[in-house]
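Please read them with the coordinates open.

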Amino acid sequence: MRLPATVRQSGTAVGSISRSMWSKELERHWCTPMVSAQLLRPFQRRLLAWYRANQRRLPWRKTRDPYRILVSEIMLQQTQVDRVVPKYREFLQRYPTLETLARARTAELRRIWYPLGYNVRPLRLRRIAQRALRDYGGRVPDSYDGLLAMDGIGRYTAGAVLSFAFKQDAPIVDTNVARLLSRYFGLKGQPKKGPIKRRLWELAEAVIPTGRGHLINQAMMDFGALVCTARAPRCPTCTLRRTCRSFPVFTSGVSQGLDPSTRTTACGRGLAPRPASDAVRGGQDSAPRAHKEVPRAPRPDPCGGRGRLPVGLHGKTTNTPHPGRHRAH
Ligand code: SF4
């Protein structure tokens, strides 16, 4: 299916991400006007190869049942993977189908959900189950429109269900994906703000090889959680380092055994080490959430506007780095 307001890869470059599609405002936030095949192809090839060898074994990846995937995605909203896994199993043991969930009693739902928090979620899930029974013949809808019409489902969750359950080439952008895409393609700006947020979604679709959206989406999430992390990206050994526009990112020289004073930009010029305290917690609703980050104050660009590290996605956060996956709606 074609997705709304998106772009697709074509030819030797991501042709549909053309300059003509961009507003001047968007171009001001973007280092590179075109995403060339020289960036795109290695990204896809190396990332998928890395994923084949390093993917996380998670229970919701063993199924394509839309209901089970939907449950996992709702549970993962703002919640770490290791907390979700046992609850995911318990929840599905008690409510194995949409029908059983639709009939669930509120008190029991809340008891089984505890201690995941954000307790409106199980009630939303029940409403989704009831609506699916009433309006969709007892099935989770397989379209953006159908999913977005459900209570508590936003663009991310809809994309995840379409991608992982129905194998549609639907883009997803959570915080891990946003960080990886921003660093790799040299995007700068605030990932939660309009132009950059829009650009991230465009990129998230542009990097999908036809028919393999479910793979590259999972690969990007795992790579962002395990390699291109917020605090200590493993740039020196990263499989994408030769083509990454932000290589190397040093957010914690100690954690990589490197001297923070050697921190450089993609153009090779030095940057002063950032103090550990220059980031604070932040959050957003419908976009990336995994490691909440807030952009730093702008600083002079030693690259003269080229190859500058993306602001707001390269830095340290006050969150404990965790290979978990938090989700937006
Ligand atoms: S080289 Fe560093 S910044 Fe670039 S993708 Fe790899 S880990 Fe992320």
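**Notes on the core and helix packing**

1. Ala 204 touches Pro 171, Ile 172, Val 173, Val 177 and Leu 181, once residues up to four places away in sequence are set aside. The model is predicted, and the points below should be read with that in mind.

2. Ala 204 also belongs to the largest nonpolar core, which has 72 residues. It is listed with Val 71, Val 161, Val 177 and Leu 181 among the residues with the most contacts inside this core. Helix α3 (residues 66–76) gives the most to the core, contributing seven residues.

3. Helix α10 (residues 175–185) packs on α12 at an angle of about 80°, and the two axes are 8 Å apart. At that angle, α10 counts as roughly perpendicular to α12. From α10 the contact takes Asn 176, Val 177, Arg 179 and Leu 180; from α12 it takes Met 220, Met 221, Phe 223, Gly 224 and Ala 225. By type, these residues are six nonpolar, two polar and one charged.

4. Helix α12 (residues 213–226) also packs against helix α2 (residues 37–54), here at an angle of about 75° with the axes 9 Å apart. This pair, α2 and α12, is roughly perpendicular too, because angles of 65 to 115 degrees are counted that way. On the α2 side the contact involves Gln 44, Leu 47, Leu 48, Trp 50, Tyr 51 and Asn 54. On the α12 side it involves Leu 215, Ile 216, Gln 218, Ala 219, Met 220, Asp 222, Phe 223 and Leu 226. The contact of α2 with α12 comprises ten nonpolar residues, three polar and one charged.

5. Helix α4 (residues 81–94) has 14 residues and spans 20 Å from its first C-alpha to its last, close to the expected 20 Å. Its buried residues are Val 81, Val 84, Tyr 88, Phe 91 and Leu 92. An α-helix has 3.6 residues a turn, so residues three or four places apart point the same way. The cover over the buried residues of α4 includes α3 and α6 (106–113).

6. Tyr 118 sits in the loop between α6 and α7 (120–135). Beyond its neighbours within four places in sequence, Tyr 118 is in contact with Gln 77 and Gln 78. Thr 79 is 39 residues from Tyr 118 in sequence, with 9.2 Å between their C-alpha atoms.

Key:
Residues are numbered from 1 along each chain as its sequence is written. This is a predicted model: local features need pLDDT of at least 70, side-chain atom pairs count only at pLDDT 80 or more; totals for chains, interfaces and linings use all residues. A nonpolar core is a set of buried Ala, Val, Leu, Ile, Met, Phe, Trp, Tyr and Cys residues joined through C-beta atoms within 7 Å. A residue is buried if 20 or more other C-beta atoms lie within 10 Å of its own, exposed if 12 or fewer, and partly exposed in between; C-beta atoms are placed from the backbone. Helices (H or I, at least four residues) and strands (E, at least two) are DSSP runs, numbered from the N terminus. Two residues are in contact if their C-beta atoms, placed from the backbone, lie within 7 Å. Axes are lines fitted to C-alpha atoms, for helices over the stretch in contact, and angles run from 0 to 180 degrees between N-to-C directions. Angles under 35 degrees count as roughly parallel, over 145 as roughly antiparallel, 65 to 115 as roughly perpendicular and the rest as oblique. Ala, Val, Leu, Ile, Met, Phe, Trp, Tyr, Cys and Pro count as nonpolar, Asp, Glu, Lys and Arg as charged, and the others, Gly among them, as polar. The expected span of a helix is 1.5 Å times one less than its number of residues.
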